[in-house]
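Trainee: I would like a close look at a single part of this model. Please take me through it step by step.

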Amino acid sequence: MLHDKDLREPLFDYLEANYGKIRIIEEKVIGKTRADVVMITEDSFYGIEIKSDADTYSRLERQVKDYNRIFDYNLVAVGASHAKHVSEHIPDYWGILVFELEDERITVTLQREPQYNPKREKEVKFRNQICFLWKSEMAHILANNQLPKYSNFGRQKTAVKLMEKMPHDKLKRQVCEELFERDYTIFKEEE
């Protein structure tokens, strides 16, 4: 039986091998849910929910709703005991990774490729993604694009201003780059 802690290292190895340049954020609160893993690529946000062999689907419906509010793509990483039935509990655009213990080695199989998340308005999802940034990271994007500081604005209002003033693709790349460059030893998360 595989537990959550058994799946994480093989999951991270799989993601690094298959997605190239990535940034992993673990245990990020989104809505009323704690996302197990957030993966940032150069142009997308991925939400990854882990369901080990020891887990149930009791919270999955709520988790799916919260993940769909934020992420461009979603995956569920499951132990082999869930491989046959997990697809009944998630939307068909969610990807499925199956983890199996074979000869004391954990193998990872892509059962279903994740598709772009069609839920929620693109603007709402993107604003929520921008709000992953700390205020200092938003200020860096504003300064790099010669935009006003918006010092009196909170993160939500600053995100809206960034969306109004910058082309979506350019802003998305810069948001992802800020998250790639984040140094947790220097900055403290700002609320």
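**A loop, a strand and their surroundings**

Mentor: Y150 sits in the loop that runs between α4 and α5. Keep in mind that this is a predicted model. Phi of Y150 is positive, near 50 degrees, and the residue is not a glycine. Most residues other than glycine have a negative phi. Y150 has 16% relative accessibility, so it counts as buried, the cut-off being under 20%.

The loop between α4 (135-144) and α5 (155-165) also holds Q146. Q146 is not a glycine either, and its phi is positive at about 50 degrees. Is Q146 buried or exposed? Q146 is exposed, because its relative accessible area is 68% and the cut-off is over 50%.

Now the strand. β3 covers residues 45-51, and seven of the seven are buried, so the rest of the structure largely encloses it. In a regular strand the side chains alternate between the two faces of the sheet. In β3 both faces are covered. F45, G47, E49 and K51 are buried on one side. Y46, I48 and I50 are buried on the other.

Next, the partners of β3. Strand β2 (residues 33-40) pairs with β3 in the antiparallel sense, over four bridges. The link from β2 to β3 is a hairpin through four residues. Within this pairing, V38 has G47 of β3 as its bridge partner. Strand β4 (residues 73-79) runs parallel to β3, and six bridges join them. Here G47 stands opposite N74 of β4. From β3 the chain crosses through α2 to β4, a right-handed β-α-β crossover.

That brings in α2. Helix α2 (residues 60-70) packs against helix α3 (residues 122-130) at an angle of about 85 degrees, and their axes are 7 Å apart. The angle lies within 65 to 115 degrees, so α2 is roughly perpendicular to α3. N68, R69 and I70 make the contact from α2, and K125, N128 and Q129 make it from α3. By class, the residues of this contact are one nonpolar, three polar and two charged.

Finally, K172. This residue is in helix α6 (residues 168-181). K172 counts as buried because its relative accessibility is 6%. Which residues does K172 touch, not counting those up to four places away in sequence? They are D43, S44, F45, D72, F126 and Q129. Two of these names have come up already: F45 belongs to one face of β3, and Q129 to the α3 side of the helix contact.

Technical notes:
Residues numbered from 1 in each chain as written. Predicted model: local features only at pLDDT ≥ 70, side-chain atom pairs only at ≥ 80, totals over all residues. Heavy atoms only, no water. Helix = DSSP H or I, 4+ residues; strand = E, 2+ residues; numbered from the N terminus. Buried < 20%, exposed > 50% of the residue type's maximum accessible area, 1.4 Å probe, protein only. Contact = heavy atoms within 4.5 Å. Axes fitted to C-alpha atoms, helices over the stretch in contact; angles between N-to-C directions. Parallel < 35°, antiparallel > 145°, perpendicular 65-115°, else oblique. Nonpolar A, V, L, I, M, F, W, Y, C, P; charged D, E, K, R; others polar. Pairing = 2+ DSSP bridges. Right-handed = clockwise from strand over helix to strand, strands pointing away.
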